[in-house]
Protein chains: 2
Amino acid sequence: MSEAAPETPNRVVTAAVLLIGNEILSGRTKDANLNYIAQRCTDLGIRLTEARVVADDEAAIVEAVRALQARVDYLFTTGGIGPTHDDITADCIAKAVGRPLIVNPEARALLEAHYGDQINPARLRMARTPEGAALIENPVSTAPGFRIDNVYVLAGIPKIMQAMFESLAPGLVGGAPLLSRALEVDLPESVIAAVLTDAQASFADQLDIGSYPFARGGGFGVSVVLRSTDSDTLARGLATVADGLRNLGGRVEERT
Amino acid sequence: MSEAAPETPNRVVTAAVLLIGNEILSGRTKDANLNYIAQRCTDLGIRLTEARVVADDEAAIVEAVRALQARVDYLFTTGGIGPTHDDITADCIAKAVGRPLIVNPEARALLEAHYGDQINPARLRMARTPEGAALIENPVSTAPGFRIDNVYVLAGIPKIMQAMFESLAPGLVGGAPLLSRALEVDLPESVIAAVLTDAQASFADQLDIGSYPFARGGGFGVSVVLRSTDSDTLARGLATVADGLRNLGGRVEERT
């Protein structure tokens with residue numbers, strides 16, 4: 001993943017996330033990877049459009065990979081690339097993209113160098129990739145992730161997943177970054193709804209207005225988050241919403 | 001949702017979760033609902049087989065609802081049922097199940113009683129359901145969720161979502177509960193992998209063996225979680241795995 005990031009395209013660049021693991025669906029583990037990838041994609045000007053969680057089940061993984069990779073620029077998967085019997089992600093990705101699963105010579109060399117004479121079949125299991133995959137560096141524990149086509153296969157352990165993501169981030173190409181500004185107002189959502197509806201209608205697709213009620217320390221109110229790829233549109237949207245909220249008697253503050 | 005829980009069926013009862021909201025995909029909000037529902041489903045003998053996260057986008061929501069509701073017994077959605085313009089879940093569910101969206105008379109009565117002369121169009125927006133929906137009680141802030149066919153539509157705010165889930169939990173019918181027992185061993189995953197593979201192969205579908213490496217306080221090791229609907233199978237599986245791990249020189253402890 002060493003190529004420099006090409007120029008930013010004008011079109012919207014999209015991504016999806018596929019979290020793989022029985023432990024998330026049984027409730028044993030609370031996923032921490034989706035939020036990390038979501039924030040980093042937003043930073044990079046990549047719009048995350050969908051996420052799915054599936055079990056360690058071949059049919060479910062293959063179906064989800066095929067469905068998602070066809071509709072986004074980048075598909076990130078997490079989980080299922082360790083050394084045990086329930087780590088079947090590499091097998092499933094190979095099947096989904098229609099390539100043979102091989103022992104990747106570069107990955108094998110990395111693992112042999114790392115484990116020395118402690119290498120064993122389970123550890124070599126982590127060298128398997130679809131034919132033609134490029135490795136994704138794992139600076140934490142060596143066993144690499146890999147990319148094949150537009151599918152980026154990352155570890156499930158958050159610390160390792162994050163290191164892998166950061167090792168490939170410089171090569172990810174985002175679109176125009178989505179800028180955001182946020183207001184807080186001390187009125188309930190159901191009082192300010194009409195102001196937001198009108199503002200959203202008048203800016204249409206140029207601006208996305210989100211409304212998030214909060215309660216903290218005895219106070220309550222709403223965070224209004226505005227997003228646009230254009231800073232002027234964002235400023236005009238912010239002024240429109242703030243004026244509308246003040247006309248309702250709200251105390252409005254921009255959050256930075 | 002007042003009917004008593006019918007008898008437990010022998011077959012596997014399944015569920016899916018659909019999280020609806022731009023804020024999860026942008027990384028602004030860290031979802032807390034999936035893990036809650038996952039744990040409660042496991043408690044109730046319901047197997048969560050898939051989860052998806054989609055944006056506040058009609059086409060995406062309708063497609064996901066249709067895909068998921070066709071393959072599980074229970075589909076739980078969270079988010080998008082508040083009073084603002086970006087709350088479009090009720091509209092989308094109505095479209096997905098092919099019913100007209102109406103102002104539900106019972107929901108309207110609840111909201112009018114709660115808000116009195118503070119009722120307004122935004123608040124009445126929260127009374128809209130597909131025709132034929134049954135309401136799900138919201139003991140926190142009145143505005144109800146609803147059920148239509150096998151789709152259970154819950155709020156996105158965790159405290160309200162949890163209260164709604166608990167108000168309907170007595171009416172959910174699980175299958176044979178999935179029992180679990182767990183061991184910890186002080187060996188790395190790649191050393192114990194063969195033992196787990198062999199145990200999984202010999203118990204096949206009767207037992208599910210998961211392997212979760214951990215590092216804490218200078219120590220490291222693996223939690224091995226065994227799951228089965230049959231307690232004898234679980235006990236035999238546990239003994240098989242524990243013997244195998246001790247033969248490798250591991251210190252094995254059952255976690256309770």
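Is Phe76(B) buried or exposed, and what is its relative accessible area? In this predicted model, Phe76(B) has a relative accessible area of 0%. Residues under 20% count as buried, and Phe76(B) is therefore buried.

Phe76(B) also belongs to the largest nonpolar core, a set of 118 residues. Within this core, the members that touch the most others are Tyr74(A), Phe76(A), Tyr74(B) and Phe76(B). In soluble globular proteins, nonpolar side chains tend to be buried together. The contacts of Tyr74(A) were examined with its neighbours within four places in sequence left aside. Among the residues that Tyr74(A) then touches are Val13(A), Ile46(A), Tyr152(A), Leu172(A) and Val173(A).

Aromatic rings were considered next. Over all chains, the search of the whole structure gives 10 aromatic pairs. In one of them, the ring centres of Tyr74(B) and Phe76(B) lie 6.2 Å apart, and the planes meet at 20 degrees, so this pair is stacked. Tyr74(B) is buried as well, with a relative accessible area of 9%. Phe76(B) forms an aromatic pair with Tyr152(B) too, and here the arrangement is tilted, with 5.5 Å from centre to centre and 45 degrees between the planes. This pair links distant parts of the chain, since Phe76(B) lies in strand 3 (residues 74-78) of chain B and Tyr152(B) in strand 8 (residues 151-154) of chain B, 76 residues apart. Tyr152(B) has a relative accessible area of 8% and is buried. In chain A, one aromatic cluster is made up of Tyr36(A), Tyr74(A), Phe76(A), Tyr152(A) and Phe165(A).

A further part of chain B contains an open sheet of four strands, which are arranged in the order 10-11-9-12 with antiparallel pairing. From one strand to the next, the twist averages 25 degrees. Strands of a sheet pair through backbone hydrogen bonds, either parallel or antiparallel. Nine bridges join strand 10 of chain B to strand 11 (residues 219-228) of chain B in the antiparallel sense. Opposite Ser211(B) stands Val224(B), a residue of strand 11 of chain B. Helix 9 (residues 231-247) of chain B packs on the sheet and touches strand 9 (179-185), strand 10, strand 11 and strand 12 of chain B. The direction of helix 9 of chain B makes about 10 degrees with that of strand 9 of chain B.

Note on methods: Residues are numbered from 1 along each chain as its sequence is written. Chains are lettered from A and ligands numbered from 1 in the order in which they are written. This is a predicted model: local features need pLDDT of at least 70, side-chain atom pairs count only at pLDDT 80 or more; totals for chains, interfaces and linings use all residues. Side-chain values use heavy atoms; hydrogens and water are left out. Two strands pair if DSSP finds at least two bridges between them. Helices (H or I, at least four residues) and strands (E, at least two) are DSSP runs, numbered from the N terminus. Axes are lines fitted to C-alpha atoms, for helices over the stretch in contact, and angles run from 0 to 180 degrees between N-to-C directions. Contact means heavy atoms within 4.5 Å. A nonpolar core is a set of buried Ala, Val, Leu, Ile, Met, Phe, Trp, Tyr and Cys residues joined through side-chain atoms within 4.5 Å. Buried means under 20% relative accessible area, exposed over 50%, partly exposed in between (1.4 Å probe, protein chains only). Rings of Phe, Tyr and Trp (its six-membered ring) pair if their centres lie within 6.5 Å; planes under 30 degrees apart count as stacked, over 60 as edge-to-face and the rest as tilted.
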